[in-house]
Amino acid sequence: MSTKESGKAVKDLPHFDMVIVGGGMVGISLALILAAQADWKILLVEAQSMKLASASASNYSASFDDRSTALSWTSRSIYQSIGVWDQLSKHLTGIKQIHVSDRGHAGLTRMSADETGVDALGYVIENHWLGSVLIDRLAQQSIEVLANTHITSVRPLRDGVEIGLDGTKDLGGEVTRLIRTDLLIIADGSNSKTAEKLGIHSKSSSYGQTAIIANIQLEKKHQNVAYERFTDQGPMALLPLSDFEGQHRSALVWVQSEETAEGLIKAADEAFLDSLQQRFGHRLGRFKQVGNRLAYPLALSLTSEQVRRNVVVVGNAAHSLHPVAGQGFNLSLRDVAALGARLNLARAEQKNIGALEVLEDYRQQQLVDQRNTVIFSDSLTKFFSGTSSLSAATRNSGLLALDLVPQLRHGFTKFGMGMATSEARHG
Ligand SMILES: Cc1cc2nc3c(=O)[nH]c(=O)nc-3n(C[C@H](O)[C@H](O)[C@H](O)COP(=O)(O)OP(=O)(O)OC[C@H]3O[C@@H](n4cnc5c(N)ncnc54)[C@H](O)[C@@H]3O)c2cc1C
């Protein structure tokens, strides 16, 4: 339905400075960053429910499912700056050491927080806790939220965007059929339907792999060690979680070929744990129990356009990465922190926040960070997934080099902490 059909003049439509489409990790984080800076009139639209506590994982936002996320040191700084870190820190586990190994080969690398002079190399949080803290904070802001709501149309205007909505009331505010905004922020995840409506497509190339995630009950304490293990079938990570009901736990991300993953998802718990134990070994003792298993087909997906007049694409809708290096969300959080700062500056300079010049400035600022992070996670995946003896030998010496050359290891650790680009920028 367009404005003409509805018979309403565009200028009479309810107006928002910004409309964020997608209330996942990135969309909500951006809304909170913006709200912490200035008194913006923001509408956040989410297709699913936002009542986390009462919703089952299957009908809530794709972001806040049974996964866990490793937050980088820079992500911590961003959340500190908007005042949610204290709440988050009640639920997260610090990574004191990262242990990288290659199954069947001698290469082994340990990186530690002590060496780097920080209290932790990163922080692991279960996504449902991340969601719970962010949504609680969102409810305390004067941000209008429409959940269970779909975008039916998107129409560029001379000085903004007209958006058609269809949905029900959730956290508050009436659903309006047509609204207009100075800036449409698309944060609705990979294969964005909203971007498609504007003819913005993404290019996706499948890794032919699936990530299986599950929480694993351990016999031994993880001692705040994150394990990254490369096997001939794909990488696996075990990230430290806090104890639950007296049981030690780690969060598993296990990357496999699509066919093998299908079998592992269907396997009985005992058979699954046996295969995992065989692949990982006994560093954490016996694997005692496995929680809910979920599967994610993996692809590198990049949007054709991140900015357009009155439109910006962020999060997985802009770039969706292989999870091997735990970089996707951390990169997106740096993006939206930069975007928030640029929009705030535009306001202070009395510039139009939807002006291409402003949005292009943001894109330029994040270009190097995005390119480096995409290349890093893509090459890491390819480098460590070869099965030939040559690539095994190269992998081996690569890991050994990381272990033996402190500067290399230092650089690798800093990249994982999300600091590489700011260092590159500053000198
Ligand atoms: C197995 C795995 C492990 C990972 N581990 C890490 C890690 O350790 N560290 C890290 O940094 N990153 C990690 N990532 C990446 C991280 O999960 C993503 O970067 C993050 O989910 C992106 O968030 P998003 O909000 O952009 O998209 P999503 O999480 O996909 O959220 C999109 C939101 O938009 C909503 N939506 C969809 N369509 C519409 C619509 N038309 N209208 C309104 N709303 C809509 C959805 O319901 C959802 O709430 C991992 C990814 C995977 C698969």
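Visitor: Hi! How many residues are in the largest nonpolar core, and which have the most contacts inside it?

Guide: Hello! Keep in mind that this is a predicted model. Its largest nonpolar core has 53 residues, and Y79 and L343 are the ones with the most contacts inside that core.

Visitor: Which helix gives the most to this core?

Guide: That is helix α2, residues 25-37, which contributes eight residues. The core also draws on two domains, taking at least three residues from each of domain 1 (3-67 + 130-203 + 300-378) and domain 2 (70-126 + 208-298).

Visitor: Which residues does Y79 touch, leaving aside its neighbours within four places in sequence?

Guide: Quite a list: S29, V84, W85, L88, L130, L134, F329 and L333. As background, nonpolar side chains tend to be buried together in soluble globular proteins.

Visitor: And what does the second, separate core include?

Guide: That one has 29 residues, and M111, V118, L241 and L321 are among them.

Visitor: What distance does α2 reach from its first C-alpha to its last?

Guide: It reaches 19 Å, close to the 18 Å expected at 1.5 Å a residue.

Visitor: Now α10. How far apart are its end C-alpha atoms, and what should the helix span?

Guide: Helix α10 covers residues 328-348, and its 21 residues should span 30 Å at 1.5 Å a residue. Its end C-alpha atoms are 31 Å apart, which agrees. This helix is mostly covered too, with 15 of its 21 residues buried.

Visitor: Is Q350 buried or exposed?

Guide: Q350 is exposed, because its relative accessible area is 74% and the cut-off for exposed is over 50%.

Visitor: OK, and what about N310: where does it lie, and what is its phi?

Guide: N310 sits in the loop between β18 (307-308) and β19 (311-313). Its phi is positive, about 70°, although it is not a glycine. With 2% relative accessibility, N310 counts as buried, whereas Q350 is exposed.

Visitor: Let's switch to S75. Which helix is it in, and which residues does it contact?

Guide: S75 belongs to helix α3, residues 73-81. Leaving aside neighbours within four places in sequence, S75 is in contact with N330 and L333. At 0% relative accessibility, S75 counts as buried.

Visitor: Sheets next! What is the strand order in the open sheet of three strands?

Guide: The order is β3-β7-β4, and the pairing is antiparallel. β3 (68-71) and β4 (93-95) stand at the edges with a single partner strand each, so one side of each has no neighbour in the sheet. From one strand to the next, the twist averages 30°.

Visitor: Over how many bridges do β3 and β7 pair?

Guide: Four, with β7 covering residues 122-126. Within that pairing, L71 stands opposite Y123 in β7.

Visitor: Which helix packs on the sheet?

Guide: Helix α6, residues 127-139, touching β3 and β7. Its direction makes about 85° with that of β7.

Visitor: What does A70 touch?

Guide: A70 is in strand β3. Not counting residues up to four places away in sequence, A70 touches Y123, V124, L239, G326 and N330. A70 and Y123 are 53 residues apart in sequence, yet their C-alpha atoms are 5.4 Å apart in space. A70 is partly exposed, with a relative accessible area of 21%.

Visitor: Last one: which residues cover the two faces of β2?

Guide: In strand β2, residues 42-45, I42 and L44 are on one side and L43 and V45 on the other, and all are buried. β2 pairs with strand β1 (residues 15-21) in the parallel sense over four bridges, and V21 stands opposite V45.

Definitions and conventions
Residues numbered from 1 in each chain as written. Predicted model: local features only at pLDDT ≥ 70, side-chain atom pairs only at ≥ 80, totals over all residues. Heavy atoms only, no water. Expected span 1.5 Å × (residues − 1). Buried < 20%, exposed > 50% of the residue type's maximum accessible area, 1.4 Å probe, protein only. Contact = heavy atoms within 4.5 Å. Core = buried A, V, L, I, M, F, W, Y, C linked by side-chain atoms within 4.5 Å. Domains from an automatic or database assignment. Pairing = 2+ DSSP bridges. Axes fitted to C-alpha atoms, helices over the stretch in contact; angles between N-to-C directions.
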